[in-house]
Every structure is written in structure tokens, then in C-alpha cells.
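Here is a note for a colleague who is opening this structure for the first time. Please keep the sequence and the 3D view side by side while reading.

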Amino acid sequence: QGLFLSRAPPSPNSSVLMHLQHGARTRPNSFAAIAAVFAILVSVYKARPFALAVFRHRMVMKRCRGTSLVTSHASADANAMPSYTHEAGSHPINKWGGLSNVDRRVSGGGAKQLGEFLLELAQLAPCRFVVNGLSIMESTADMRAGRAVVDISTKPNGRSVLAFASKDGKFNLKLDADAIVEVVLEESEQTGRGIVHLLDDKRRKHLTAVMEGEDGQVHFEILRGRWGNSVQLKA
């Protein structure tokens with residue numbers, strides 16, 4: 001006799017069938033939960049730059065409160081950047097490099113305006129400086145990245161002396177600031193490159209500067225774009 005085995009279909013109340021039915025009902029809900037979590041993660045990722053900006057802003061404000069750097073609008077106006085168009089004494093500090101485009105082109109800035117020009121010249125590119133007089137002296141200096149120093153002093157006879165030097169002391173030049181009445185920016189007839197002349201009232205050259213380097217001409221055009229072809233130091 002053979003042994004016959006038969007598998008009867010599961011009854012509606014069997015545990016196997018109930019488990020399968022429960023899984024079928026809960027699977028869509030699981031997918032929905034995963035999709036919701038994924039959407040939350042995406043929104044958090046997109047909001048990351050904004051949260052970082054808020055954090056940085058709070059840190060800056062906290063630091064400002066700790067060092068008393070937050071001032072009122074009135075005090076900010078009282079300590080405006082130096083400008084030759086302001087009334088005398090309106091800016092209590094002498095801060096080099098703070099000229100606006102309007103201030104650069106105002107006539108009659110004198111020694112301070114000359115100092116501002118030389119500072120910008122030195123910051124843009126390495127320069128070859130030629131001093132003209134009874135003899136000619138040439139010197140090349142790279143005073144970019146804040147390595148230039150400008151100082152104005154008054155001699156006992158009342159004349160202004162402008163000291164133009166490098167911070168390391170390797171370049172040092174003193175000019176009679178009262179004698180220089182004009183700065184001329186032009187192209188050399190021999191080389192075609194940009195050249196700067198400091199002239200007195202008799203058109204004598206006290207100093208000539210040429211920007212060096214492959215991009216020297218580009219920096220000359222930047223300088224001329226700021227100051228124009230001529231800077232009148234005397235009103």
C-alpha cells in the first residue's frame with residue numbers, strides 16, 4: 001500500500017493566512033512612512049545653507065556685542081571715511097586708502113591726495129621708480145598686499161614732505177609734496193606702456209613710475225580708470 005499525503009488548503013482562520021493578509025495591509029503604510037522620512041531628509045538638506053547663514057549671523061552679532069562694535073547710525077556718520085569733499089575735521093582719523101571715486105578726481109587735494117595716489121599705485125603692481133634731478137636713480141619695489149607706507153610731515157620752514165616707503169625698509173623715497181602740482185598718466189612714446197609722472201609747476205618730472213609684470217599694463221588702465229589722465233593737486 002502506498003502512503004498518500006495531501007495538503008489541505010489553509011482555513012480562513014489559520015495563522016499563516018492571517019499573517020499574509022496583515023503584511024499586505026501594512027506594506028503600503030511602510031512605504032508611505034519611508035517616503036515621508038526621505039522627504040524630511042531632503043527638506044533638511046535644502047535648508048542647510050539658510051541654517052548655516054543664520055548660525056553665522058548669530059555668531060557675528062554675539063561677537064559684536066562682546067566687543068562693543070555695534071554702534072548707532074549717528075556714530076557711524078560721525079566717523080565717516082576720510083574724504084576731501086567733507087568739512088575740515090569731519091573725519092577724526094587719517095585712514096589711507098579710503099577715497100571714493102569722487103574724491104579721487106577732486107582738484108586741490110595736495111599732499112594727502114598725492115599720498116593716496118601713490119598708495120594705490122603700489123598696491124596694484126610692482127613698480128620701477130625713476131627719480132629725476134641732477135642725476136637719475138632707478139629702483140624697483142613690490143609693495144603689494146599692504147606693504148607700502150605713506151607718511152606726511154612738515155619741515156620747520158612749513159613745507160610738506162611725503163615719505164613713500166616699503167615696510168621692510170628696502171625702498172624709501174621722500175618727495176617735496178608742495179612742489180608737485182600734477183600727476184599725469186599716459187603711454188610712453190617709446191614703449192607704448194603706461195607711465196606715471198609727478199610734475200611741478202614748471203613741468204619738471206620729480207618722479208616717474210612704470211608698472212612692471214605681464215599684467216602691468218592692465219593695472220595701469222585700472223589706475224587710470226580710477227583717477228583719470230591727470231590729477232590736479234593744486235586748486
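1. **The model as a whole.** This is a predicted model, and its content should be read with that in mind. The protein has six helices and nine strands, and of its 235 residues 31% are buried. Among the contacts in the protein with a separation of 6 or more, 45% are accounted for by residues 24 or more positions apart.

2. **Helix α5 by its length.** Helix α5 covers residues 110–124, and at 1.5 Å a residue its 15 residues should span 21 Å. The C-alpha atoms at its ends are 22 Å apart in the model, which agrees with that expectation.

3. Of the 15 residues of α5, 13 are buried, so the helix is largely enclosed by the rest of the structure. Here buried is meant as a relative accessible area under 20%.

4. **L114, a residue within α5.** L114 lies in helix α5 and is buried, with a relative accessible area of 0%. Leaving out residues up to four places away in sequence, L114 touches L162, A177, I180, V183, L198 and L233.

5. **How α5 meets α6.** Two packed helices are described by the angle between their axes and the distance between the axes. The axes of α5 and of helix α6, which covers residues 216–227, come within 10 Å and cross at roughly 155°. Angles over 145 degrees count as roughly antiparallel, and α5 and α6 are therefore roughly antiparallel to each other. The crossing of α5 and α6 is right-handed. On the side of α5 the contact is made by Q113, E116, F117, E120, L121 and L124, and on the side of α6 by H219, I222, L223, R226 and W227. Sorted by class, the contact of α5 with α6 holds six nonpolar, two polar and three charged residues.

6. E212 is found in the loop between β8 and α6, and with a relative accessible area of 27% E212 is partly exposed. Apart from residues up to four places away in sequence, E212 touches A125, P126, C127, R128 and R193. With A125 the separation along the chain is 87 residues, while the C-alpha atoms of E212 and A125 are separated by 6.6 Å.

7. **T208, in strand β8.** T208 lies in strand β8 and, at 7% relative accessibility, counts as buried. When its neighbours within four places in sequence are set aside, T208 is in contact with R128, F129, V130, N132, I195, V196 and H197. T208 can also be compared in position with E138, which is 70 residues away in sequence and 9.4 Å away in space, C-alpha to C-alpha.

8. **V149, in strand β3.** V149 lies in strand β3 and counts as partly exposed at 35% relative accessibility. Residues up to four places away in sequence aside, V149 touches A163, F164, A165 and K167. Between V149 and A163 there are 7.8 Å from C-alpha to C-alpha, for a separation of 14 residues along the chain.

9. **Two residues with positive phi.** A reader checking the backbone may want to look at A145, which has a positive phi of about 60° although it is not a glycine. A145 is found in the loop between β2 (137–141) and β3 (148–154), and A145 is exposed, with a relative accessible area of 70%. R203, also a residue other than glycine, has a positive phi near 65°. The place of R203 is in the loop between β7 (194–200) and β8 (205–211), and R203 is partly exposed, with a relative accessible area of 48%.

Definitions and conventions
Residues numbered from 1 in each chain as written. Predicted model: local features only at pLDDT ≥ 70, side-chain atom pairs only at ≥ 80, totals over all residues. Heavy atoms only, no water. Helix = DSSP H or I, 4+ residues; strand = E, 2+ residues; numbered from the N terminus. Expected span 1.5 Å × (residues − 1). Buried < 20%, exposed > 50% of the residue type's maximum accessible area, 1.4 Å probe, protein only. Axes fitted to C-alpha atoms, helices over the stretch in contact; angles between N-to-C directions. Parallel < 35°, antiparallel > 145°, perpendicular 65-115°, else oblique. Left-handed = near helix turned anticlockwise from the far one by under 90°. Contact = heavy atoms within 4.5 Å. Nonpolar A, V, L, I, M, F, W, Y, C, P; charged D, E, K, R; others polar.
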